[in-house]
Amino acid sequence: MVVSTYQAVSGTGQKAVEELAEQVRALLSCQATKNKVYPHRIAFNCLPHIDVFLENGYTKEEMKMVNETQKIMGDDSIKVTATTGAGAGVLQPLGSGEHRDGAQAHPGRGPADISQGPGVKVVDNPAKNEYPMALDAAGQDLTLVGRIREDFPSPTA
């Protein structure tokens, strides 16, 4: 099961809603914006990032989706991969390759292989909040790829 969720700013709370409103007012007045709640500008943007990143490349919110789906369905054998935030989630089995750190480990192509495609740019460093966003794609004829990670649960698990 592949699950993608898109959540409203209001889910983060009142301070996030106020930040969105302040950023919209600033942009419409040709002024600079300030990021307080989110690591990036939220106004007229989409962040593929809800909660903190875990070692497996998923966020706590995404793992919560996995666990809740299995609990609701009453079946721990259901394989779920989740992406929370905004953007498009794509599950693509590819040939043998390497992990983000370069270690040979699992089926799939590494970011270096993916970036060789025409019109593709890899933006993939979640530890530094670097991932594709609508703002980065605007005005470019590129496909931005990020949040590259092994499918959870991995077929070898």
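Visitor: Where does Phe-44 lie?

Guide: This is a predicted model, in which local features need pLDDT of at least 70, side-chain atom pairs count only at pLDDT 80 or more, and totals for chains, interfaces and linings use all residues. Helices (H or I, at least four residues) and strands (E, at least two) are DSSP runs, numbered from the N terminus. In these terms, the place of Phe-44 is the loop between α1 and α2.

Visitor: Is Phe-44 buried or exposed?

Guide: A residue is buried under 20% relative accessible area, exposed over 50% and partly exposed in between, with a 1.4 Å probe and protein chains only. The relative accessible area of Phe-44 is 55%. Although Phe-44 is not a glycine, its phi is positive, about 55 degrees. By its area, Phe-44 is exposed.

Visitor: Which phi value does Asp-51 have?

Guide: Asp-51 is likewise found in the loop between α1 and α2. Its relative accessibility is 38%, so Asp-51 counts as partly exposed. Asp-51 is not a glycine, yet its phi is positive, at about 80 degrees.

Visitor: What pattern does the protein follow along the sequence?

Guide: The secondary structure comes to 4 helices and 6 strands. Of the 157 residues in the protein, 30% are buried. Read along the sequence, the pattern is β-α-α-β-β-β-α-β-α-β.

Visitor: What share of the contacts with a separation of 6 or more comes from residues 24 or more positions apart?

Guide: Contact means heavy atoms within 4.5 Å. Among the contacts with a separation of 6 or more, residues 24 or more positions apart account for 48%.

Visitor: How many salt bridges does the count come to?

Guide: Side chains of opposite charge can pair when their charged atoms come close. The rule used here asks for a side-chain nitrogen of Lys or Arg within 4 Å of a carboxyl oxygen of Asp or Glu. By this rule, the number of salt bridges is 4.

Visitor: Which residue meets Glu-22 in a salt bridge?

Guide: The N to O distance in this salt bridge between Glu-22 and Lys-36 is 3.4 Å. Glu-22 lies in helix α1 (residues 14-28) and Lys-36 in the loop between α1 and α2 (60-73), so the pair ties together parts that are 14 residues apart in sequence. The partner is Lys-36.

Visitor: How far apart are the closest N and O atoms of Glu-61 and Lys-64?

Guide: Both residues lie in helix α2, 3 residues apart, which is about one turn of the helix. Glu-61 counts as buried at 13% relative accessibility, and Lys-64 as partly exposed at 39%. Their salt bridge has its closest N and O atoms at 3.6 Å.

Visitor: Which residues are joined with Glu-62 into one network of salt bridges?

Guide: Glu-62 forms a salt bridge with Arg-149, with the closest N and O atoms 3.9 Å apart. Glu-62 lies in helix α2 and Arg-149 in the segment after β6 (143-145), so this pair ties together parts that are 87 residues apart in sequence. Glu-62 is buried, with a relative accessible area of 0%. Through salt bridges that share partners, Glu-62 is joined into one network with Arg-147 and Arg-149.

Visitor: How much space lies in the second largest pocket?

Guide: On a 1 Å grid over the protein atoms alone, a pocket is an open set of points where a 1.4 Å probe fits, with protein on both sides within 12 Å along at least five of seven lines; lining residues have an atom within 4 Å of a point. Here the lining has 19 residues, of which Thr-12, Tyr-38, Leu-47, His-49 and Ile-50 lie nearest the centre of the pocket. Grid points are joined across faces, edges and corners, and a volume is the space filled by probe spheres set on the points. For the second largest pocket, this space is about 370 Å³.

Conventions. Residues are numbered from 1 along each chain as its sequence is written. Side-chain values use heavy atoms; hydrogens and water are left out.
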